[in-house]
Amino acid sequence: MVTQLQLFMQEPEDNLAKPNLALVGATGAVGTVMLEIINSRENIWGEIRLIASARSAGKKILVHGQEVVVVELSEAAFEGIDIALFDVPDEVSAIWAPIAAKHAVVIDNSGTFRMDSEVPLVVPEVNPEQIKNRPKGIIANPNCTTLTMMAALGALHRKFQLTELVVSSYQAVSGAGMSGIDALQEETQAVAGTQLGLSSEDLSTTKSANSPFPAPIALNVIPWAGSLKTDGFSSEEMKVRDESRKILGISDLKVAATCVRVPVLVGHSLTVHATFAKNISVDQVNQVLEAEATVELLDDPDKGIWPTPNQVAGTDPTYVGRVRASLDFPNSIELFVVGDNLRKGAALNTYEIAELVAKDF
């Protein structure tokens, strides 16, 4: 009896010269965005195989106009695959990415392997050469907060040599997954049309029962994202520090980060104070950023033009505005950076890595 997986592996002749791609977590939040990206870009693949948990197996999804049936996650699901994209929780990647790496190059969007010295952490605009340095057969995709600013900072670092970085993030609830989105929607509905007073008691009662956040997120900001780490820092703040150092190749980069959750559905924003070894001016910053294909400069305060998460949601570039020379700090620039955390902050960067790897097949 021919199995469903065997049927998928019987390639048409015109696909034999192309690498085969697998998407693990195809039905999840980031996986869904990944499918949108795959469908919107040139089809460079032989087969595209969709993999998910047992409860999603059998679901049919259109990929480049062809109906593809989702198969259950197993080692057999990676047979004949050249590149495997992982958009799954850390604990799933920890188990299955090494198994998949026996068959394919794995590009992992979880936090499991990012700081592993044998796993490159790649942003194609910044360190594409690192894709070949993968002794474990795994390439890691950075955290969405780090990614939001990395295309802009990488371009500036190449010219002016970054030495210090102070960042405050304003992170969308979608960064916490569907539970974060659900919490904001439920709490917003709870307060909509309600005449609220100014007491904390009025707002504290609106917290969603299944919220992943430690306080109500509707009409609020929470100075916390992630889990508790050393000396009172959160995991998100440590990711900004450690991942920036690894991606940029600056092991002693001085970084201070504070991560804040805000009542926005999609789009992470960051205020960035960046100090460089060389003299730097606003005009020079603008010239560098305008030359970057994946960076959009929106900066005209006189006309109220600057990037906001609502206007960039669903788009691919990194947006930069509020470019200013620091008044009291030499060789320092202030920026406001915004990006779609589900696209460039996750799915898009992962897919762009896959496109680079595919060139070697």
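In which sense do E7 and strand E8 (residues 138–140) pair? E7 and E8 pair in the parallel sense, over three bridges. The structure is a predicted model, in which local features need pLDDT of at least 70, side-chain atom pairs count only at pLDDT 80 or more, and totals for chains, interfaces and linings use all residues. Residues are numbered from 1 along each chain as its sequence is written, and side-chain values use heavy atoms, with hydrogens and water left out.

- Helices (H or I, at least four residues) and strands (E, at least two) are DSSP runs, numbered from the N terminus.
- Two strands pair if DSSP finds at least two bridges between them.
- Strand E6 (residues 83–86) runs parallel to E7, and four bridges join them.
- Across these strands, Ala84 stands opposite Val106 in E7, while Asp108 stands opposite Ala140 in E8.
- From strand E7 (residues 105–108), Val105 and Ile107 point one way and Val106 and Asp108 the other way; all are buried, that is, under 20% relative accessible area, whereas exposed is over 50% and partly exposed lies in between (1.4 Å probe, protein chains only).
- A right-handed β-α-β unit is made by E6, helix H3 (residues 90–100) and E7. Right-handed means that, with the strands pointing away from the viewer, the path from the first strand over the helix to the second runs clockwise.

**Nonpolar cores**

- A nonpolar core is a set of buried Ala, Val, Leu, Ile, Met, Phe, Trp, Tyr and Cys residues joined through side-chain atoms within 4.5 Å.
- The largest nonpolar core has 58 residues, of which Phe86, Met149, Leu165, Val272 and Leu335 touch the most other members.
- Helix H4 (residues 144–160) supplies the largest share of this core, nine residues.
- A second, separate core has 34 residues, including Ile37, Ala52, Val63 and Ile353.
- Leaving aside neighbours within four places in sequence, the contacts of Phe86 include Val24, Phe78, Trp96, Ile107 and Asn109; contact means heavy atoms within 4.5 Å.

**Aromatic pairs**

- The structure holds three aromatic pairs. Rings of Phe, Tyr and Trp (its six-membered ring) pair if their centres lie within 6.5 Å; planes under 30 degrees apart count as stacked, over 60 as edge-to-face and the rest as tilted.
- Trp45 and Tyr351 form an edge-to-face pair, with 6.2 Å centre to centre and 70 degrees between the planes.
- Trp45 lies in the loop between helix H2 (29–40) and strand E2 (48–52) and Tyr351 in helix H10 (residues 343–358), so this pair ties together parts that are 306 residues apart in sequence.
- Both Trp45 and Tyr351 are buried.
- Phe78 and Phe86 are stacked, because their ring centres are 5.9 Å apart and their planes are at 10 degrees.
- Phe78 is buried, at 0% relative accessibility, and Phe86 is also buried, at 0%.

**Helix H2**

- The 12 residues of H2 should span 16 Å at 1.5 Å a residue, and the end C-alpha atoms are 17 Å apart, which agrees. The expected span is 1.5 Å times one less than the number of residues.
- Among the buried residues of H2 are Val30, Met34 and Ile37.
- The cover over the buried residues of H2 includes strand E1 (21–24), E2, strand E3 (60–63), E6 and H10.

**Positive phi angles**

- Most residues other than glycine have a negative phi.
- Asp231 is not a glycine, yet has a positive phi of about 60 degrees. Asp231 is exposed, with a relative accessible area of 71%.
- Arg322, in strand E13 (residues 318–325), has a positive phi of about 50 degrees.
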